[in-house]
Amino acid sequence: MIIAQKLKQSNIAEYLLYMWQVEDIIRANHLDIDQLEQNYLSRFQLDEPARSDLREWYENLIEMMRSEGVTERGHLQINKNILILLTDVHAQLLRSSKHPFYSAAYYKALPFIVELRQRSQTQEKSELENCFDAMYGLMMLRLQGKPVSEDTLKAMDHISKFLGMLAEYYKKDKAGEVEY
């Protein structure tokens, strides 16, 4: 909750990846708040009011996951909404001639995005969701200590730079600092 709040303000791309990880942590604990408390939340050194707030935040996420039918896979609507907002900023940036560095980053990443989309089992995902899926997959491989090929690292470097730039533009857009 605390990390999510900070990331949402500082880097929306990292926030989204973090929230996907939270969804998976909840799933790994079978959407059971007591199991989640025992296996995960108890690790945080928090005073009682903060611990209570954290537990309530996770309880709310669990309820949302149940009500939205994403207990086994998929993402919460609040996370889908972030992707929609990022997609809107992305489209506006590409339509504008005022942001050539953004367009250049996108077009450098595009061949890798196309390859991701071809490998994807679900073609209805947006380019951005494919990018986030790939970043999340890389994060999981690294957490598991699994090897990652040089080609994959090269592709992910381009995608990461592109998403990082999009996150910065999103932040500036929210502050009213971007002209399209």
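**Salt bridges and a helix crossing**

This predicted model comes to a count of nine salt bridges.

Q: What makes arginine 55 and aspartate 34 a salt bridge?
A: Their closest N and O atoms are 2.9 Å apart. The rule asks for a side-chain nitrogen of Lys or Arg within 4 Å of a carboxyl oxygen of Asp or Glu, so the pair of arginine 55 and aspartate 34 qualifies.

Q: Why can this pair be said to tie together parts of the chain?
A: Because arginine 55 lies in helix 4 (residues 48–68) and aspartate 34 in helix 3 (residues 33–39), with the parts 21 residues apart in sequence.

Q: Why is arginine 55 called partly exposed?
A: Its relative accessibility is 24%. Buried would need under 20% and exposed over 50%, so arginine 55 falls in between. Aspartate 34, with 48%, is partly exposed too.

Q: How do you know that glutamate 37 forms a salt bridge with arginine 55?
A: Look at the closest N and O atoms: they are 3.0 Å apart, and the cut-off is within 4 Å. This pair also links distant parts of the chain, with glutamate 37 in helix 3 and arginine 55 in helix 4, 18 residues apart.

Q: Is glutamate 37 buried or exposed, and what makes it so?
A: Glutamate 37 has a relative accessible area of 18%. Since buried means under 20%, glutamate 37 is buried.

Q: Which residues do salt bridges with shared partners join into one network?
A: Asp34, Glu37, Arg51, Arg55 and Glu59.

Q: Why is helix 5 called oblique to helix 7?
A: The axes of helix 5 (residues 77–95) and helix 7 (residues 127–143) cross at roughly 120° and come within 9 Å. That makes helix 5 oblique to helix 7, because roughly perpendicular covers 65 to 115 degrees and roughly antiparallel starts over 145. The crossing is right-handed.

Q: Which residues meet where helix 5 and helix 7 are in contact?
A: From helix 5 come Leu83, Leu86, Thr87 and His90, and from helix 7 come Glu127, Leu128, Glu129 and Phe132. Sorted by kind, the contact residues are four nonpolar, two polar and two charged.

Notes. Residues numbered from 1 in each chain as written. Predicted model: local features only at pLDDT ≥ 70, side-chain atom pairs only at ≥ 80, totals over all residues. Heavy atoms only, no water. Axes fitted to C-alpha atoms, helices over the stretch in contact; angles between N-to-C directions. Helix = DSSP H or I, 4+ residues; strand = E, 2+ residues; numbered from the N terminus. Parallel < 35°, antiparallel > 145°, perpendicular 65-115°, else oblique. Left-handed = near helix turned anticlockwise from the far one by under 90°. Contact = heavy atoms within 4.5 Å. Nonpolar A, V, L, I, M, F, W, Y, C, P; charged D, E, K, R; others polar. Buried < 20%, exposed > 50% of the residue type's maximum accessible area, 1.4 Å probe, protein only.
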